[in-house]
Amino acid sequence: MFKAQLLVQYTAAAVKMPAELFFSDIGMQQVQGIVSDMPFFLQLFMAMFAADLFQYSIHRLFHGNKFLWRFHAIHHSIKQVDWIAGSRLHLVDIFITRSISYIPLYVLGFSTEVFYVYLVIVSIQAVTVHANTRIEFGFLKYFLVTPQYHHWHHSKDAKTHNKNFAVHFTFIDRLFGTYYLPEDEWPEEMGLEDEKFPKGYFNQTIYPFLKDPKVSSPRNPSTR
Ligand SMILES: [Zn+2]
Ligand SMILES: [Zn+2]
């Protein structure tokens, strides 16, 4: 599934030109001109914020929609969150999430450098937030999504379900009331109750199409 992540990043770069052409005539030229004239770091911050906002919405939908949850539950079935876990995602999950998150990148007219630096950042952060590392991030942990922050998204404890959907900035969760970060604590257990997913990449890939895993988790009451 790691390969799938790379494939997505490659696709994102490959469709950049056609996507920009596609979105070029939607009356955004003025906005695109203003954005591409902004300083690099401001553009990068805006790109991360806009992409995270879109990512947040689709991520929440993957948790709330019964059918989409079938696919996303695979990511949440991991009990041991580690660096490779970031890549344990169903292809449908990766493609829908990424294509929605990248829309603002194509529409708002960010410079090519910002676009590519963003692709690198999103890949590094996807691996880092799942890494089983207790690196201290100091005050940054209240601002940036860190391993501790995202581990709480994977927590098995019902009290902490439906929290921390953001992947870049924690204030997006604060904005929508889904922020959860106790001082120095980490979740005791991760994964889902009554998880019945088959093992192996191929079996997990076809499973959501064939069966509702009926993973009982308060995270998604509709599957109970
Ligand atoms: Zn999730
Ligand atoms: Zn995750």
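Colleague: How many helices and strands does the protein chain have?
Modeller: It has 10 helices and zero strands, counted as DSSP runs numbered from the N terminus (helices are H or I, at least four residues; strands are E, at least two). Bear in mind that this is a predicted model: local features need pLDDT of at least 70, side-chain atom pairs count only at pLDDT 80 or more, and totals for chains, interfaces and linings use all residues. Residues are numbered from 1 along each chain as its sequence is written, while chains are lettered from A and ligands numbered from 1 in the order in which they are written.

Colleague: OK, what share of the residues count as buried?
Modeller: 30% of the 224. Buried here means 20 or more other C-beta atoms within 10 Å of the residue's own, with C-beta atoms placed from the backbone (12 or fewer is exposed, in between is partly exposed).

Colleague: Which residues touch the most other members in the largest nonpolar core?
Modeller: Ala47, Ala51, Tyr102, Leu105, Phe110 and Tyr118, out of 13 residues. Helix 4 (40-64), helix 6 (91-107) and helix 7 (112-130) each give two or more residues to this core. A core is a set of buried Ala, Val, Leu, Ile, Met, Phe, Trp, Tyr and Cys residues joined through C-beta atoms within 7 Å.

Colleague: And what is Tyr102 in contact with?
Modeller: Ala12 and Ala51, leaving aside neighbours within four places in sequence. Contact means C-beta atoms, placed from the backbone, within 7 Å.

Colleague: New topic: at what angle do helix 4 and helix 6 cross?
Modeller: Roughly 145°, and their axes come within 8 Å. Axes are lines fitted to C-alpha atoms over the stretch in contact, and angles run from 0 to 180 degrees between N-to-C directions. Ala51 of helix 4 and Tyr102 of helix 6 are among the residues making that contact.

Key. Two residues are in contact if their C-beta atoms, placed from the backbone, lie within 7 Å.
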